[in-house]
Amino acid sequence: MAVSEIDQKVGESITTVAVIGAGVVGLCCALEAQRKGYRVILFDRDEAGLGASFGNAGYLATELIEPLSNPQTLRSALSLWLNPKGPLFLPLQYFSRIVPWLLRFVGASAPEALRRSRTGLIQLNREAIAAWQRCLEDIGASEQIVKSGYLLVWESADKIDAARQHQAWLRENRIETELVQGERLAELEPELAKTVNHALFFPDACRVREPYLLCKRLFAAFIDRGGEFIQQRVTQVRPSGHRVTVSTELQDYSYDNVMICAGAWSKALLSDMGINVPLEAERGYHLTIPAAGSMLRHPIGSAERRFVMGPLDSGLRVVGMTELGGLKLSPVKGRFDVLSYHSSQLLPGLKNQGLDVSEWMGHRPTLPDSLPVIDQHPQYPQVVFAFGNQHLGLTQAAVTAELALKLMQNEASSIDMNAFKVSRF
Ligand SMILES: Cc1cc2nc3c(=O)[nH]c(=O)nc-3n(C[C@H](O)[C@H](O)[C@H](O)COP(=O)(O)OP(=O)(O)OC[C@H]3O[C@@H](n4cnc5c(N)ncnc54)[C@H](O)[C@@H]3O)c2cc1C
């Protein structure tokens with residue numbers, strides 16, 4: 001196949017960067033590369049923003065600094081799995097394929113590994129909002145983030161000590177919360193079920209107005225700034241010398257640099273370059289109820305039911321489920337029913353209303369230690385990786401992009417990047 005002429009270096013001073021994947025991480029990387037003066041070409045097999053970035057909860061969850069694999073999760077895993085209304089599913093068809101990943105996941109809960117992951121998450125999450133503000137201010141889209149506050153709720157009165165312990169632990173990590181009950185809780189969230197006994201209120205928490213619209217806004221700014229979008233599926237990335245060939249189903253292109261931001265699909269692209277990374281697709285589900293958008297004032301997380309719901313421009317969004325089922329299985333109808341059940345338990349106004357609901361399932365890109373890969377190819381530094389932000393890809397997209405571009409430009413960063421190396425497994 002011929003290498004496209006159009007994508008060769010334009011003059012001597014403009015260096016090309018191809019970004020593979022137009023999810024929220026790839027879009028932030030593409031814009032950050034433009035800010036650094038590169039000529040950027042963005043590839044996606046779909047239109048921008050239709051992967052996991054389309055249907056997330058829209059919550060900037062900077063307080064989630066505990067890795068997914070920790071002794072407490074592992075202790076409760078079996079009961080969560082066996083509970084038909086629980087949040088954890090391991091489809092039998094996929095079980096034998098997930099076992100090696102699960103073993104690594106268990107290994108990631110060992111004390112030293114856990115400490116390393118927690119430090120990595122703290123570092124990324126502390127910078128996350130400021131990085132988003134820089135990104136959005138630069139493109140005149142600051143209104144896409146709102147300071148919404150967040151409520152983490154418990155129904156069992158005997159879990160008040162759990163809330164207090166969690167609050168103390170968060171404070172040690174410089175995250176302030178208020179323990180709320182009774183009238184104060186009702187004032188904050190009038191339509192919440194009276195069965196909710198107490199909650200931690202995070203007054204500084206932020207959310208986006210609508211995840212998909214955010215992606216469209218980022219994409220529009222990228223195009224306005226001269227970015228090129230190629231809607232083709234990338235089949236292979238082949239670095240050699242100082243260049244990189246990007247092959248799609250239609251043709252080959254050649255660039256100076258490539259950034260792999262293909263979310264849960266990144267594994268195959270790395271595997272063709274001889275790099276094996278234990279990336280899994282952690283399937284999550286959502287319901288969006290357009291007519292119920294004003295029922296809640298804040299995003300709400302249930303500590304016991306383990307799901308999140310909150311207001312977006314498109315309506316009330318209810319999200320949850322951790323289904324380790326890979327990239328190919330179809331969504332399972334029963335998961336939507338579980339989300340519907342839990343949301344109506346916490347928000348009685350949803351019961352029996354016959355409201356229109358849209359359903360969606362997406363793939364979170366998750367590594368066993370809950371940290372992303374933000375790194376360069378060990379032999380070909382012109383290939384940069386930025387993927388694997390698990391449940392926090394929206395939260396961490398802008399900071400991930402800043403760090404990835406610093407790597408590409410050999411600039412030091414204030415964050416210790418060793419935790420995000422592709423060779424750590
Ligand atoms: C139900 C649910 C709720 C969530 N809620 C939140 C939340 O509230 N807050 C938060 O921070 N995070 C949340 N997340 C996680 C977050 O959505 C993801 O971590 C994030 O969207 C990942 O972004 P990404 O750009 O890496 O991947 P994606 O958005 O999946 O984008 C990857 C892109 O790469 C493209 N692609 C893949 N392979 C190829 C190829 N070979 N050629 C061309 N294109 C390719 C895909 O088409 C896709 O557009 C949630 C996730 C789910 C599923």
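Me: In β18, which residue is the bridge partner of M309?
Reply: The model is predicted: local features need pLDDT of at least 70, side-chain atom pairs count only at pLDDT 80 or more, and totals for chains, interfaces and linings use all residues. Residues are numbered from 1 along each chain as its sequence is written. Strands are DSSP runs (E, at least two residues), and helices are runs of H or I, at least four residues, both numbered from the N terminus. In β18, M309 has as its bridge partner V318.

Me: How many bridges join β17 to β18?
Reply: Strands pair if DSSP finds at least two bridges between them. β17 (residues 307-312) and β18 form a hairpin, with two residues between them. They run antiparallel, and the bridges joining them number six.

Me: Does β4 pair with β18 in the parallel or the antiparallel sense?
Reply: L88 stands opposite T322 in β18. β4 (residues 88-89) has two bridges to β18, and the sense is parallel.

Me: Which residue in β18 stands opposite H286?
Reply: β15 (residues 280-289) pairs with β18 in the antiparallel sense over seven bridges. Opposite H286 stands V319.

Me: How many residues of β18 are buried?
Reply: Buried means 20 or more other C-beta atoms within 10 Å of the residue's own, with C-beta atoms placed from the backbone. β18 spans residues 315-324 and is mostly covered. Its buried count is 10 of 10.

Me: How many residues surround the ligand?
Reply: A residue counts if its C-beta atom, placed from the backbone, lies within 6 Å. The closest are G23, G51, G263, G284 and G393. β15 is among the elements that each supply at least two shell residues. The residues around the ligand number 43.

How values were computed. A residue is buried if 20 or more other C-beta atoms lie within 10 Å of its own, exposed if 12 or fewer, and partly exposed in between; C-beta atoms are placed from the backbone.
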